[in-house]
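User: I want to go through the labels on this model one by one. Please give the value behind each label and the cut-off it has to meet.

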Amino acid sequence: MKKISVKTAINEGGREGVSYTPNKSFEVKTSMTETPDTVTPELLFAAGFSACFNGAMSFPLEADGKGDLPRKLRAEVSLYNGVGTDFKLRVTLIGHIEGLSKDETLSYMKKGEQICPYSKATAGNIEVVLEAE
């Protein structure tokens, strides 16, 4: 495989801290509870997963001549706590492709799931549910 990208982010202070890129082109305050000035790590994960997954769906759509259809992908990332330090994530990906039925949209989402690096990284590690609207 050929490496096509390397991105670096730094965090200071954990959940109650700040995350930023080395050149400070991106900087965000993190917190356990979202406020107007902060975001949670789960929100950052949701943004990355939804962007990657939506991009992955473009490949099968383009192959079928439907690459120009507007689409949205919403990622809902839930954080769970069992006992003590037993934390788990669950992701629900909700897709909408303009002009396609829920079943057709779900079909393209399943194809995108096979392509998306986030999906591959989370497979077998966290529960990911696909839904269409």
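User: Which residues are linked in a network of salt bridges?

Analyst: This is a predicted model. In it, Arg 74, Glu 76 and Glu 133 form such a network.

User: What makes the pair Glu 76 and Arg 74 a salt bridge?

Analyst: The N to O distance is 3.1 Å. The cut-off is 4 Å, between a side-chain nitrogen of Lys or Arg and a carboxyl oxygen of Asp or Glu. The pair is within that limit, so the label applies.

User: And how do you know that Arg 74 forms a salt bridge with Glu 133?

Analyst: The closest N and O atoms are 3.4 Å apart. That is within 4 Å, so this pair is a salt bridge too. The two residues belong to distant parts of the chain, 59 residues apart. Arg 74 is in strand E5 (residues 71–81), while Glu 133 is in the segment after strand E7 (127–132).

User: Why is Glu 133 called partly exposed?

Analyst: Its relative accessibility is 42%. Glu 76 is partly exposed at 37%. Arg 74 is partly exposed, with a value of 37%.

User: How many salt bridges does the structure hold?

Analyst: Six. One of them joins the side chains of Glu 42 and Arg 15.

User: What makes Arg 15 and Glu 42 a salt bridge?

Analyst: Their closest N and O atoms are 2.4 Å apart. The limit is 4 Å, so the pair qualifies.

User: Why is it said that this pair, Glu 42 and Arg 15, ties together parts of the chain?

Analyst: Glu 42 lies in helix H1 (residues 41–63), and Arg 15 in the loop between strand E1 (10–12) and strand E2 (18–20), so the parts they tie together are 27 residues apart in sequence.

User: Is Glu 42 buried or exposed?

Analyst: Buried. Its relative accessibility is 11%, and buried means under 20%, so the label holds. Arg 15 has 28% and counts as partly exposed.

User: How many salt bridges are there between domain 1 and domain 2?

Analyst: One. The domain assignment gives domain 1 as 1–38 and domain 2 as 41–132.

User: What area is buried between domain 1 and domain 2?

Analyst: About 420 Å². Carbon and sulfur atoms give 70% of that area. Arg 15, Thr 30 and Glu 34 supply 66% of what domain 1 buries against domain 2.

Conventions
Residues numbered from 1 in each chain as written. Predicted model: local features only at pLDDT ≥ 70, side-chain atom pairs only at ≥ 80, totals over all residues. Heavy atoms only, no water. Domains from an automatic or database assignment. Buried area = accessible area lost by both parts, 1.4 Å probe. Helix = DSSP H or I, 4+ residues; strand = E, 2+ residues; numbered from the N terminus. Buried < 20%, exposed > 50% of the residue type's maximum accessible area, 1.4 Å probe, protein only.
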